[in-house]
Amino acid sequence: MELSSSFTLSPKPPPHNFSFSSTFTPNPIQIQIHTKTRNPTRKPLRILAVAIDPSQELPKNSPQRLLKELAERKRPPPSPKRKTPPRRSILTPPLDDKKLANRFLNSPQLALNSFPLLSSCLPFSRLNYIDKAWIEQNLLEAKQALGYPLEPSETLDDDNPAKQLDTLLYLAFQHPACERSGARHVRFGHSRLYFLGQYVLELAFAEFYLQRYTRESPAPMRERVFGLIGKRNLPTWIKAASFQNLIFPFDNMNKLLRKDREATVKSVFWALFGAIYLCFGMPEVYRVLFEVFGMDPDAEDCQPKLRRQLEDIDHVSAEFEGKISWQDMAAYKPPADALFAQPRLFRACVPPGMHRFRGNIWDYDCRPQVMQILGYPLEMTDRIPEITKARNIELELGLQVSLFFSDAIKFLVELQLCFLHPSKYKFDHPRFCYERLEYLGQKIQDLVMAERLLMKHLDAPGLWLQEKHRRLLMNKYCGKRLRAKNLHRFVIFSEKVQDTYDRNYRLRYPVATAVQQALHGLSYAVYGKRDVRRLMFEVFDFEQTLPEAM
């Protein structure tokens with residue numbers, strides 16, 4: 001076979017014969033090249049190509065062999081065989097409009113309009129026959145241990161939140177290691193109750209210990225709480241309530257590994273109190289804690305470690321002379337003519353001697369600016385019009401200080417207490433600082449944000465909500481929101497540390513966070529949880545993550 005190609009060569013006479021190897025055919029190939037130059041006497045070039053057998057190996061010194069070996073060395077090593085992702089990780093096509101509408105209309109989360117928080121913790125799909133079979137077999141034992149009627153809760157009225165007790169108790173016992181954790185609606189429902197229950201317990205113990213130990217700082221209280229509901233002690237309370245067979249139906253709880261036993265018990269314990277809080281409120285949480293589980297706040301293993309105590313020379317209210325019991329916490333109801341939402345908690349956080357600060361320079365210069373930024377006083381409508389009128393007059397104008405100081409004037413003083421740094425008076429008067437209000441505000445802030453996230457993200461699992469909650473309430477963001485309102489300028493420091501805090505702003509960041517949380521504790525004690533929501537989401541805008549200043 002002869003191939004001809006024409007191209008122009010350089011002026012130098014090239015060699016007339018070229019040979020190379022090809023793998024097309026074993027027959028020789030001749031290529032005739034016609035050169036077009038000015039000299040018409042040049043003859044065309046002929047190139048001969050001889051094909052070799054592809055099965056025959058190349059010689060060792062062949063350039064083709066060397067190039068082939070070099071390419072093989074540069075080739076990346078073969079990657080190990082990757083496992084196919086699980087089915088739940090594979091993207092599925094979206095539902096059409098009809099199926100999506102039916103899913104929302106049949107969801108139990110949209111069945112309760114009067115209880116938005118309760119409906120957000122219900123499963124997003126109805127329970128199937130497997131779920132109902134577990135309820136019929138095991139739920140009677142749980143309700144009997146908790147002291148609830150054995151009749152099905154579906155027989156109650158629609159306006160009673162306890163109607164969903166059976167469903168929530170079922171979700172509380174379906175921990176991640178059980179058989180039904182594979183069902184998505186069960187797994188998500190349990191994790192959402194678990195997410196809510198931890199903050200319910202923290203707030204319940206914070207209110208209990210603040211009113212029980214009115215002279216203590218928050219540090220011993222945190223140790224007492226950890227001694228009662230730390231994960232090491234939770235299996236003891238589960239055994240005291242005889243729930244170990246419901247949580248571990250096929251295993252002996254005492255023979256399990258500690259990490260497996262404690263994680264599972266903590267998940268069920270927290271989810272259980274999330275369900276009780278949604279159905280019955282905080283008084284029932286105290287009853288179950290101290291009556292069903294048998295917790296003893298005076299037990300030796302939950303006492304704080306010994307530390308140097310500052311002498312507290314200030315007196316307390318007469319109602320706190322004896323220790324408050326859990327029965328007092330569960331049965332307490334504010335009086336009808338109370339000016340504040342939590343009057344006893346208010347008096348537990350404010351020492352009676354704080355009235356001596358009424359009329360100082362901060363009271364005249366800084367307090368009006370702080371109240372204007374925070375939007376105080378609020379417009380309230382009480383059952384007795386005289387109470388509303390008295391509160392507004394005392395908050396806005398301030399009555400002349402007489403021998404009897406009203407609760408509203410104490411509120412103005414407590415507003416100053418929120419900005420009182422411990423370096424000012426703590427060594428002489430241990431309770432004349434914002435530490436107790438900060439402890440209360442931190443717990444109510446966590447619970448309010450948890451409720452907000454649950455109602456806002458109906459189909460989100462609890463682990464995702466936990467991470468979202470942590471990122472929104474980071475200490476650096478809480479202090480940054482306070483500084484954005486220029487409220488950090490009103491913090492009262494001691495003269496010895498004033499210059500240090502002015503020069504080093506890193507020291508002032510924890511102080512700004514503490515003042516932020518103390519304001520939330522104040523608003524909860526005075527106006528209730530609704531005012532905490534107003535401060536968090538209207539005044540400080542907690543749902544907006546603040547960027548770094550340029």
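Predicted model: local features only at pLDDT ≥ 70, side-chain atom pairs only at ≥ 80, totals over all residues.
Let's start with the gaps. Searching the whole structure turns up four cavities of 30 Å³ or more. The largest cavity holds about 70 Å³ of space. Its lining is made up of R483, H488, V491, F493, Y505, R508, Y509, V511 and A512. Which helix gives the most to it? That's helix α23, residues 505-526, with five residues.

**Around helix α21**

Helix α21 covers residues 475-484, and in it Y477, C478, G479, K480, R481 and L482 are buried. What do they pack against? The buried residues of α21 have α19 (435-456), α20 (462-472) and α23 as their packing partners. Just after α21 comes N486, with a positive phi of about 60 degrees.

**Rings that meet**

Now for the aromatics: the whole structure has 21 aromatic pairs. One of them joins F290 and W326, and this pair is stacked because the ring centres are 6.3 Å apart and the planes lie at 15 degrees. F290 belongs to helix α11 (residues 282-292) and W326 to helix α12 (residues 326-331), so the pair ties together parts 36 residues apart in sequence. Buried or exposed? F290 is buried, at 8% relative accessible area, and W326 also counts as buried, at 18% relative accessibility.

Y376 and Y527 make another stacked pair, with 5.7 Å from centre to centre and 15 degrees between the planes. This one links distant parts of the chain, 151 residues apart. Y376 sits in the loop between α15 (367-374) and α16 (385-396), while Y527 sits in the loop between α23 and α24 (529-539). Both partners are tucked away: Y376 is buried with a relative accessible area of 8%, and Y527 is buried with 5%.

There is also an aromatic cluster, formed by W134, Y170, F173, F243, F269, F273 and F293.

**Charges over rings**

Finally, here are two spots where the charged end of an arginine sits over a tyrosine ring.

| Charged residue | Ring | Distance to ring centre |
|---|---|---|
| R224 | Y213 | 4.0 Å |
| R344 | Y332 | 4.1 Å |

Notes: Residues numbered from 1 in each chain as written. Heavy atoms only, no water. 1 Å grid on protein atoms, 1.4 Å probe; cavity = no way out; pocket = protein on both sides within 12 Å on 5 of 7 lines; lining within 4 Å. Points joined across faces, edges and corners; volume = space filled by probe spheres on them. Helix = DSSP H or I, 4+ residues; strand = E, 2+ residues; numbered from the N terminus. Buried < 20%, exposed > 50% of the residue type's maximum accessible area, 1.4 Å probe, protein only. Contact = heavy atoms within 4.5 Å. Phe/Tyr/Trp six-rings, centres within 6.5 Å; stacked < 30°, edge-to-face > 60°. Lys NZ or Arg CZ within 6 Å of the ring centre and 35° of its normal.
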